[in-house]
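Please have the sequence and the three-dimensional view at hand.

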Amino acid sequence: MTALRPFTCNDLFKFNNVNLDPLTETYGLSFYLQYLAHWPEYFQVAESPSGEIMGYIMGKAEGSGEKWHGHVTALTVSPDYRRLGVANTLMAYLEEVSEKKNAYFVDLFVRVSNKVAIKMYTELGYIVYRTVLEYYSGDPDEDAYDMRKALSRDVNKISVVPLRHPVRPEDVD
Amino acid sequence: MAANKTHVDSVVAERRLRPIYDWLDNGNYKKAIQEADKVLKKQPDFLCAKVLRALAFLRNGKEDTCDSILESVRSEVPVDEPTLQAMTIAYREMHRFQNICSIYANAVQKEPNSEDLLTHLFMAYVRVGDFKKQQQTAMALYKIRNKNPYYFWGVMSVVMQTREVPENMARSVVLPLAERMVVKMIEQGKVEAEQEVQLYLMILEMQDKIKEALDVLNGPLGEKIVSNLGLVHTKKAALLARLDRWKEAHMMYKKLLREDLDRWNYYQEYFKTSMKLWNKVESERTSEAEHSREQTDKLWHIPDVCPKEIAEFLQLLADINLEQGSKMFRAPFLAKLELFRFMTEKELNPEELLGDVMELINDYFVPFGSKPCCFSDLQIYLPLVPSLRASELMNKLSLSYDLTENQLPENKYQMQRHINLTKIRRSLGLQENLSSEDKISLVKELLRRYDHGASIDQVANPTDFPIHDAYVLIASHILHEMSINEQKEDKLVEAAAILEHALNHSPSNFHFKLLLLKIYSMIGAGNAAQSTYELLDIKHMQLDSLGWLHCAHLSSTGLVSLASAHCEAALKFFSANYSDSLDHLTYSYKYGSFLKISEFVEFRDRLHNSHHYTRCSVERMLSELLMPSTHEQALEAIGRMDITPSDDNIAWEKLRDNRDLDVIISFDPKKKHLTPEQMEQTFLREVEVIKLRRLQLRCLAAAFDLLKPASGDANGSCDDLLPRLISELSVMNLPAFPAPTTELNYPIKSRTDFIHGSRHLPAFVRALQLAYQLSELRRDPQGNDAAALNSMTKVTEEISQVCNEAEESLDNDHSLLMRRSALETATNSFETLSFLALLCGVYKNLVQPAAAGPSKKGKKKKEATDQPQPKLIESLTKLAKHLNDCCSRLLESVGRWEARVALVDKLNEHLCKWSLDEAEESDRGGDEQNKRRDQMVVAVVAKLRHSYMTSAKELQNLLSHRCKHFEAYIS
């Protein structure tokens with residue numbers, strides 16, 4: 001049970017119960033504000049009945065021609081509100097916006113070690129389109145799965161034919 | 001041919017500049033300057049190279065050199081992109097945004113048809129907020145390139161002008177102009193983008209032309225709004241509401257609820273619109289409509305205008321929901337509670353329609369009691385339960401928990417249900433009035449369940465918090481509460497021990513870290529707090545919203561340089577934000593997100609006016625003043641700060657409270673949560689403390705200004721500045737610090753809270769007066785020195801008191817809470833002594849202006865014109881000697897304190913005992929668990945000891961430096 005609404009600047013002051021979780025990165029201000037300026041419709045927050053932030057999604061639309069697609073940049077749910085379908089609601093929202101924008105597919109990157117997230121995305125209909133080598137820097141660097149789900153405009157599901165070979169981050173467009 | 005030549009030129013130029021850019025990027029500014037010199041030797045009129053050279057100087061700390069180079073380049077009016085861009089970077093770094101406007105404005109004059117230059121000029125005006133010039137530039141752009149975005153930049157620039165004119169002017173002139181501009185485009189069929197329609201709607205709404213806005217939404221332009229899902233619906237409904245067309249709005253939400261039973265904001269709007277219809281529609285109601293309610297599917301098409309009808313509609317939703325079986329939604333259950341709550345507020349006898357509130361809660365709890373969200377869903381409705389019936393509710397809810405009260409759960413679902421029951425019990429206030437013994441046994445029971453929970457909660461997902469963590473949270477809340485209510489500090493140590501232990505097993509759980517941070521701050525363990533703070537990885541935005549948790553308390557424990565580093569990190573964030581936020585405004589224009597522009601402006605101001613920002617900048621400067629140990633260093637430090645003592649320079653009334661005061665999770669009864677009034681009170685108090693500190697800073701700066709030769713055009717006001725500031729300081733009256741509560745988010749006092757009303761201020765004020773009196777005597781050497789001599793006596797008396805109190809506090813701290821105040825008193829005394837040491841330098845130089853060169857034996861090198869003032873000099877030496885004595889006495893007592901803290905003293909011994917293990921433990925493993933907890937307590941006590949010793953070491957170090965500082969004024 002959620003209330004979805006657009007993320008606003010003031011939410012940055014009160015998203016701590018989500019962002020204090022070590023697995024949610026707190027980015028510099030510019031990152032959030034850039035998304036708010038460019039893709040405000042793709043930045044949504046899920047609120048509990050008591051007005052607490054349960055989670056949020058940040059995304060964008062990019063690419064040209066048949067690569068015009070929605071992208072999930074960040075999806076996070078507070079540890080206190082997990083397993084309630086909040087993430088599904090947020091993902092469904094982003095997919096619908098992308099449908100309205102006539103995108104061909106939605107994609108996202110996920111750490112290959114993040115089994116929980118991969119399972120969730122698979123259940124939502126995403127497939128591993130390709131592996132991106134050493135996408136996440138760290139010690140050691142970690143590969144990412146580029147996961148995709150075709151939208152209705154991609155009638156023949158061309159966008160979700162998996163690539164057989166992994167790619168390097170610099171080759172990702 | 002010519003074009004080709006320019007191309008070749010620019011490639012060559014680019015190649016020559018590349019190494020300079022590289023050095024700049026790598027931070028090697030000297031090399032960048034050398035490289036630029038090389039390029040300029042070959043090509044002396046290469047403007048971009050000149051600018052890059054200037055930029056390198058700037059980054060190397062030579063702003064003046066940079067400035068003069070830029071001035072010379074500016075006069076040549078460059079028009080090429082690289083030069084202008086480089087100049088923009090340099091001006092940005094100097095925060096001179098107006099100059100960026102002027103270089104582009106000049107360039108545009110030279111090349112009025114350049115789209116690029118005009119665009120840059122437009123963005124430059126956006127950065128400085130010159131809306132009129134923005135408008136002109138946007139229209140000039142549209143004139144040369146017929147692109148829609150340019151036109152709408154112009155429209156938005158007009159809209160922004162409403163911020164600067166009076167309301168009536170905005171409505172009668174500015175907004176109609178903006179509207180006409182858009183209408184013109186509509187009439188020509190030129191409106192293309194969604195954002196353009198949104199801007200039009202915004203203009204109409206600002207003029208309260210709601211009907212017109214609604215028509216736009218319902219017309220062909222409305223179809224352009226596609227990307228904001230639901231926006232059209234909610235927007236329409238909101239507009240209908242503003243037109244008082246509540247019925248239509250209401251019906252829209254009913255329709256939306258039919259599509260999505262679980263969307264809570266639809267319920268909220270449904271309620272809101274229904275209540276509006278309450279009295280209005282009743283009279284219009286025909287008996288026919290009343291009649292038709294009997295068929296349920298008609299319920300969708302008829303507005304609900306009284307509680308009875310709302311209840312019927314909610315029942316319809318509930319019935320549909322029940323058909324979903326195990327996929328049931330929570331919202332339809334909570335909607336009934338929401339109606340109950342509303343009717344209770346209006347004293348409308350909700351029981352009659354909805355039955356017993358306990359039944360409603362139970363209806364929700366039976367299917368959802370094993371969900372982690374259960375408590376936060378119910379929390380706001382629990383106050384509806386009369387306190388006399390709280391136990392009855394617990395009994396009722398427990399029926400759905402198929403175990404007896406003492407039985408341990410067998411699976412995660414049972415455990416989650418039990419945890420929710422425990423949280424509800426706490427929230428109903430059933431734990432707060434327990435006896436001390438009962439609370440202890442409750443804590444023990446919770447810990448038993450925590451230990452047992454580990455065996456059944458094999459977390460599948462390592463990124464989630466283990467369910468049974470909740471037991472430790474509640475247990476530590478109880479211990480925290482006991483420690484405050486009963487002044488039992490051992491409970492704090494025990495809470496810290498179980499939290500540290502649980503954190504080992506669940507290292508991501510930030511609830512544990514936040515509580516630990518609070519506990520360590522309460523007992524003055526700054527170093528321990530610091531290591532917990534680091535685990536929270538607080539950065540960027542959080543430096544503002546969560547800075548209050550730690551920043552203010554660090555320096556309370558003598559960790560002055562660490563505190564200063566924290567302030568500096570926060571300051572970096574704030575000042576970077578200011579220039580970054582200007583760029584975000586430019587993005588908003590670029591991407592046409594006009595609705596965000598006002599939001600961004602307000603956000604920038606909110607951050608810029610954060611009271612934490614002001615606090616950090618004041619505290620940082622004050623802590624800088626604790627560092628010098630010679631007069632020369634002090635002069636340098638004061639000079640660096642660039643304070644104008646006559647200018648307060650802070651818009652106090654604009655300061656904003658950005659603290660996140662909900663961050664620590666609490667299951668306490670609603671009445672115990674921080675109220676908005678309490679938040680406001682603590683905020684206002686903090687602002688007053690910052691004012692006091694800022695005034696202290698200005699006083700010190702004004703005292704140092706006494707040393708400056710009176711400038712020729714000295715205005716009279718400057719002379720009595722210090723006395724004016726002193727009297728301001730003396731009459732400052734701070735509101736009382738609100739009484740402490742057990743509320744977990746309640747901000748604890750910091751050391752600066754104790755300065756007002758203590759001996760520190762009188763000592764400081766006397767010392768400042770002395771500086772002023774000495775400056776008077778310098779102006780009039782024949783004047784009477786009695787007042788100055790008297791002040792010296794007073795300073796001596798006051799500072800003795802200050803140090804006596806500190807000594808007493810250090811020698812007599814027999815509890816942890818007192819340990820914090822001992823450290824605070826010692827730190828404050830060190831600070832006061834340091835300020836006095838700075839003033840000693842002022843005294844000396846007032847009595848005896850330094851000769852040509854700095855000289856340590858200035859005493860004997862008097863200029864012939866100076867009147868000898870042996871009596872004053874002698875007394876000043878005596879004063880310095882006294883201050884030095886006080887300082888060394890304080891140093892000694894900190895030493896004694898350290899020695900005592902280092903030993904396993906009585907307090908340690910008392911604390912190391914785990915008070916909770918006295919009772920017999922029947923279940924197996926209990927002994928082992930207790931042993932482990934014993935060890936955790938010992939570890940926490942050791943951590944505290946280490947922390948106290950770190951504070952003592954730092955204080956000793958600071959104080960011994962201070963002693964040396966004073967010695968310079970004795971000989």
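**Salt bridges**

The structure is a predicted model. Over all chains, 85 salt bridges are found. In general terms, side chains of opposite charge can pair when their charged atoms come close.

| Pair | Closest N to O distance |
|---|---|
| B:Asp130 and B:Lys133 | 3.9 Å |
| B:Arg615 and B:Glu686 | 3.2 Å |

In the pair of B:Asp130 and B:Lys133, B:Asp130 has a relative accessible area of 22% and is partly exposed. B:Lys133 is likewise partly exposed, at 36%.

B:Lys272 and B:Glu269 both belong to helix 15 of chain B, which covers residues 264–277; they are three residues apart and therefore separated by about one helical turn. B:Lys272 is partly exposed, with 47% relative accessibility, and B:Glu269 is partly exposed at 24%.

With 3% relative accessibility, B:Glu481 counts as buried. Which residues does B:Glu481 contact, leaving aside its neighbours within four places in sequence? They are B:Arg426, B:Glu432, B:Lys439, B:Asp668, B:Lys672 and B:Thr742. B:Tyr843 is 362 residues from B:Glu481 in sequence, and their C-alpha atoms are 51 Å apart in space.

B:Arg417 is part of helix 23 of chain B, residues 412–427. Its relative accessible area is 9%, and B:Arg417 is thus buried. Not counting residues up to four places away in sequence, B:Arg417 touches B:Phe365, B:Val366, B:Pro367, B:Gly369, B:Ser370, B:Ser400 and B:Tyr401.

**A helix pair in chain B**

Helix 40 (residues 816–847) and helix 41 (residues 870–902) of chain B have axes that come within 11 Å and cross at roughly 160°. The two helices of chain B are therefore roughly antiparallel to each other. The crossing of helix 40 of chain B past helix 41 of chain B is left-handed. On the side of helix 40 of chain B, the residues making the contact include B:Arg819, B:Leu823, B:Phe830 and B:Tyr843. From helix 41 of chain B, the contact residues include B:Ile873, B:Leu883, B:Cys886, B:Cys887 and B:Trp897.

**An annotated domain in chain A**

For chain A, an unreviewed UniProt entry carries the annotation "domain: N-acetyltransferase" over residues 2–152. In the model, this span of chain A is 25% helix and 35% strand. The C-alpha atoms at the ends of residues 2–152 of chain A lie 26 Å apart.

Methods:
Residues are numbered from 1 along each chain as its sequence is written. Chains are lettered from A and ligands numbered from 1 in the order in which they are written. This is a predicted model: local features need pLDDT of at least 70, side-chain atom pairs count only at pLDDT 80 or more; totals for chains, interfaces and linings use all residues. Side-chain values use heavy atoms; hydrogens and water are left out. A salt bridge is a side-chain nitrogen of Lys or Arg within 4 Å of a carboxyl oxygen of Asp or Glu. Buried means under 20% relative accessible area, exposed over 50%, partly exposed in between (1.4 Å probe, protein chains only). Helices (H or I, at least four residues) and strands (E, at least two) are DSSP runs, numbered from the N terminus. UniProt positions are given in the numbering used here, feature names are shortened, and annotations may be inferred rather than shown by experiment. Axes are lines fitted to C-alpha atoms, for helices over the stretch in contact, and angles run from 0 to 180 degrees between N-to-C directions. Angles under 35 degrees count as roughly parallel, over 145 as roughly antiparallel, 65 to 115 as roughly perpendicular and the rest as oblique. A crossing is left-handed if the near helix is turned anticlockwise from the far one by less than a right angle, and right-handed if clockwise. Contact means heavy atoms within 4.5 Å.
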